[in-house]
Amino acid sequence: MTRPVLWNYDLDDASYTVRLMASLAGVDVDLRAVDVYPGAEHHSPGYLARHPLGRVPLLEDGVVQLRQVPAMLTHLARTGPRGTGFLPADPVGTAAVEDWLAFAFRDWLALSAARSASIFGDGVDLDPLRAAAIAALRVAEDRLVAQSLLGSGFVAGSAASVADIALFPGFALSRDSNIDHDAFPALRNWARRIRALEGFVTMPGIPDYH
Amino acid sequence: MPPPPVAWTPVALAADLQPGAAAGVVVDGAEVAIWRDTAGTPHAWEDRCPHRGMKLSFGFVRGERLACLYHGWEYDGGGQCRYIPAHPDLDVPASICVNRYSAADAAGLLWVASGTGSGDLPDPGDPLSPLRSLFIDAPLGEVLNRLAADGLPGLGPVVESAEDGPLLNFDQAGHRFVVGRHPTGPSGTALHILLKGEVSAEARAAMIPATAELRRLAEAGR
Ligand code: FES
């Protein structure tokens, strides 16, 4: 069987999210490096033919061609030998995971925007981006405080789900935008639990403790 | 950087810092690295590596030592540097040592002080059920006045409230709340909130929205 192909840029947080999910789910992917910086290869005609939106990552698995990260996460969880635990089977669990997955790809993107502006942005006003990022962090912190009290270490259900994996990089990389973890003890402990999962991998900027 | 106050300050719920974990806290403007070794003993140090100044709270615990994230220098529980990866055979000079503060567990809270700490740590007394730590961008005095008068929003009237050194106690909704007061700076507050006795997880989880509302009201100054 041919392995899925992930068109990837190592320093991109969305690409990392997919590499992390693949590794946790036990899926071996062939990585194809896309020279986003400085080459702007994601805007080249060859790449645009595969991905008209000109973004990384892109996941190709046989006839399946995925351009949206949430679809990649659920696909990897569904097909990987260790993946099924990341997608609950029951309607209640599924509802919670889908709600937090949508949060990760809407409100939580403020963290990614604040990080990009901090690293690459010239003269961008960081304050509103940081405020939106902190508002999102507080929503997740409050959720995880309640979840932990109820005996769960994760945002939806009692085990790590695709929603947790979608959220992890934004928190782990938030120090790049000078957002410390001091005020988020529940998120800090949740991040330790994610790091302890079998198959956990890092990216540049996320240290490996072990 | 200024050291933390000499008087004991609660900086976290004890249960929120697990053995083998490190975290950063700000105590009255002082940046402090708190960590527990794998045996669970708490430590509080200046959050600054003697090598190049990296925050030690970004580091990681290896058994009885804290290793700096940047170049991996390892410090033992006494703050003494014991290992430098770039010079593995070096007998590290005793002068390479972290500034240490005092750290202690008491009454479900983790406490930090400069020197050996002044004042008594609270007696554990009855069992306590942790609720949460809440970080608010508003001065401690304002937050405490609001809390002493109204408690958590939406939970009914506060029957009685009393300050007990670094703790604020109040009765509301049939519970006795015990709150560790922690100024992070002139306009920042952390509250470390516990409940007296055994309170069910469901009852505590149901209070989380009220704590978020307290944070919102305090920051709006209303
Ligand atoms: S700064 Fe800590 S080891 Fe270099």
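With which residue does R176(B) form a salt bridge? In this predicted model, the partner is D171(B), and the closest N and O atoms of the pair are 2.8 Å apart. R176(B) counts as partly exposed, at 27% relative accessibility. Over all chains, the structure holds 20 salt bridges.

Among these pairs, R50(A) forms a salt bridge with E60(A), with 3.0 Å between the closest N and O atoms; this pair links distant parts of the chain, ten residues apart, since R50(A) belongs to helix α2 (residues 45-50) of chain A and E60(A) to strand β3 (residues 58-61) of chain A. The relative accessible area of R50(A) is 31%, so that this residue is partly exposed, whereas E60(A), with 15%, is buried. Another salt bridge joins the side chains of R138(A) and D137(B), at 3.7 Å from N to O, and this pair crosses between chains, from helix α6 (residues 126-149) of chain A to the loop between β11 (128-136) and α1 (140-150) of chain B. Here R138(A) is buried, with a relative accessible area of 15%, while D137(B) counts as exposed at 56% relative accessibility.

The domain assignment divides chain A into domain 1 (5-83) and domain 2 (88-195), to whose contact domain 1 of chain A contributes twelve residues and domain 2 of chain A ten residues. The C-alpha centres of the two domains lie 21 Å apart, and the domains bury about 960 Å² between them, 80% of it on carbon and sulfur atoms. One salt bridge is counted between domain 1 of chain A and domain 2 of chain A.

Helix α1 (residues 13-25) of chain A has 13 residues, which at 1.5 Å a residue should span 18 Å, and the end C-alpha atoms are 18 Å apart, in agreement with that expectation. Eleven of the 13 residues of α1(A) are buried, including D13(A), R19(A) and M21(A), and the elements that cover the buried residues include β1 (5-8), β2 (30-33), α3 (69-79), α5 (109-119) and α7 (162-172) of chain A. D13(A) forms a salt bridge with R115(A), the closest N and O atoms being 3.9 Å apart. After α1(A) comes G26(A), whose phi is positive, near 80 degrees.

The largest nonpolar core comprises 83 residues, of which M21(A), W108(A), F168(A), L187(A), W190(A) and L191(B) touch the most other members. A second, separate core of 16 residues includes A33(B), C68(B), Y75(B) and C81(B).

Key:
Residues numbered from 1 in each chain as written. Chains lettered and ligands numbered in written order. Predicted model: local features only at pLDDT ≥ 70, side-chain atom pairs only at ≥ 80, totals over all residues. Heavy atoms only, no water. Core = buried A, V, L, I, M, F, W, Y, C linked by side-chain atoms within 4.5 Å. Buried < 20%, exposed > 50% of the residue type's maximum accessible area, 1.4 Å probe, protein only. Helix = DSSP H or I, 4+ residues; strand = E, 2+ residues; numbered from the N terminus. Expected span 1.5 Å × (residues − 1). Contact = heavy atoms within 4.5 Å. Domains from an automatic or database assignment. Buried area = accessible area lost by both parts, 1.4 Å probe. Salt bridge = Lys/Arg side-chain N within 4 Å of Asp/Glu carboxyl O.
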